[in-house]
Amino acid sequence: MKILLKYFPDLEETQIRQFEQLGTLYKDWNAKINVVSRKDIDELYERHVLHSLGIAKVQQFEAGAKVMDVGTGGGFPGIPLAILFPKVDFYLVDVIAKKIRVVNAVATTLELTNVTAEQRRAGTFDTRFDFIVSRAVTKMPDFVSWVRKNIAKKNQHELPNGILYLKGGDLTEELASFPKATEYDLQTYFEEPFFETKKVVHLPMKYKL
């Protein structure tokens, strides 16, 4: 928790309690279902929770916004973002049923009424969202093809509606066909070595009929 309070010092008591519970919840669930890398579970707050919250350093979501987390796995980045933004609606999807089971259990335990989680494949529904978030589930061209029809028309944030994607390494080739994409280096916000190559990519996307 110290690392979260270092970068997010204004958390409310409820949020602190919810974040504190994450460590125990994910260790318990990871013993049953491998939702977090075994080697990373002891680094949960830095490599998963804080990493997820890197999106919040790039864009603070407005109350009433709708955000979809595609390929959420065990709930990252969706669960940490839902704790940080309790007035934002989060829709978490993954194709693996047992991972969605974990997400729903965590959300229920934390009383996150702003989280809906379902076993679904991206691109199979028409609901619109202000932002689509994800953590490196595939290369950007494939991801865009999955979610391009799910972007809402009306912008209500500083950044235009679109994708906020957590990625690492050199993305020059992967983003070559997306000249409007902007890379935000997470080492700008977090000083830990883990974040030296980590980025948030914002790709604005226009509403499609």
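1. Two strands are taken to pair if DSSP finds at least two bridges between them, and helices (H or I, at least four residues) and strands (E, at least two) are themselves DSSP runs, numbered from the N terminus. In this predicted model, local features need pLDDT of at least 70 and side-chain atom pairs count only at pLDDT 80 or more, while totals for chains, interfaces and linings use all residues. Residues are numbered from 1 along each chain as its sequence is written, and side-chain values use heavy atoms, with hydrogens and water left out.

2. Strands β2 and β3 run parallel and are joined by five bridges; V93, for instance, has E118 in β3 as its bridge partner. Together with helix α5 (residues 97–109), β2 and β3 make a right-handed β-α-β unit, where right-handed means that, with the strands pointing away from the viewer, the path from the first strand over the helix to the second runs clockwise.

3. Which residues does V103 touch, leaving aside those up to four places away in sequence? V103 belongs to helix α5, and its contacts (heavy atoms within 4.5 Å) are T72, G73, G74, G75, I79, L92 and A117. Its relative accessible area is 0%, so V103 is buried, a word used here for values under 20%, with exposed standing for over 50% and partly exposed for those in between (1.4 Å probe, protein chains only). The C-alpha atoms of V103 and V93 are separated by 9.6 Å, the two residues being 10 apart along the chain.

4. A nonpolar core is here a set of buried Ala, Val, Leu, Ile, Met, Phe, Trp, Tyr and Cys residues joined through side-chain atoms within 4.5 Å. The largest one has 54 residues, of which L22, Y26, F61, I79 and F90 touch the most other members; helix α3 gives the most to this core, with eight residues. I79 touches L22, Y26, L92, V103, V106, A107, L110, L112 and V115, again not counting residues up to four places away in sequence. A second, separate core has 22 residues, including M68, M140, Y165 and L175.

5. A56 lies in helix α3 and, at 3% relative accessibility, counts as buried. Beyond residues up to four places away in sequence, A56 touches F8, L81, L84 and F85. From A56 to T127 the C-alpha to C-alpha separation is 23 Å in space, and the two are 71 residues apart in sequence.

6. Rings of Phe, Tyr and Trp (its six-membered ring) pair if their centres lie within 6.5 Å, and planes under 30 degrees apart count as stacked, over 60 as edge-to-face and the rest as tilted. By this rule there are 11 aromatic pairs. The rings of F61 and F131 have centres 5.7 Å apart and planes at 45°, so this pair is tilted. The pair links distant parts of the chain, since F61 is in the loop between α3 (44–58) and β1 (66–70), whereas F131 is in strand β4 (residues 131–135), 70 residues apart. Both partners are buried, F61 with a relative accessible area of 6% and F131 with one of 0%.

7. Y91 and F129 form a stacked aromatic pair, with 5.9 Å centre to centre and 10° between the planes. This pair, too, links distant parts of the chain, with Y91 in strand β2 (residues 89–94) and F129 in the loop between β3 (115–119) and β4, 38 residues apart. Y91 is buried at a relative accessible area of 11%, and F129 is buried at 2%.

8. Y7, F190, F194 and F195 form one aromatic cluster. The charged end of K198 sits over the ring of F194, 4.2 Å from its centre, and that of K32 sits over the ring of W29, 4.4 Å from its centre; the criterion is that NZ of Lys or CZ of Arg is within 6 Å of the ring centre and within 35 degrees of the ring normal.

9. Some backbone values deserve a look in the model. The peptide bond from F76 to P77 is cis, with omega near 10°, and P77 is found in the loop between β1 and α4 (78–84). E111, a residue other than glycine, has a positive phi near 60°; E111 is in the loop between α5 and β3 and counts as exposed at 59% relative accessibility. A136 is not a glycine either, yet has a positive phi of about 50°; A136 lies in the loop between β4 and α6 (140–147) and, at 40% relative accessibility, counts as partly exposed.
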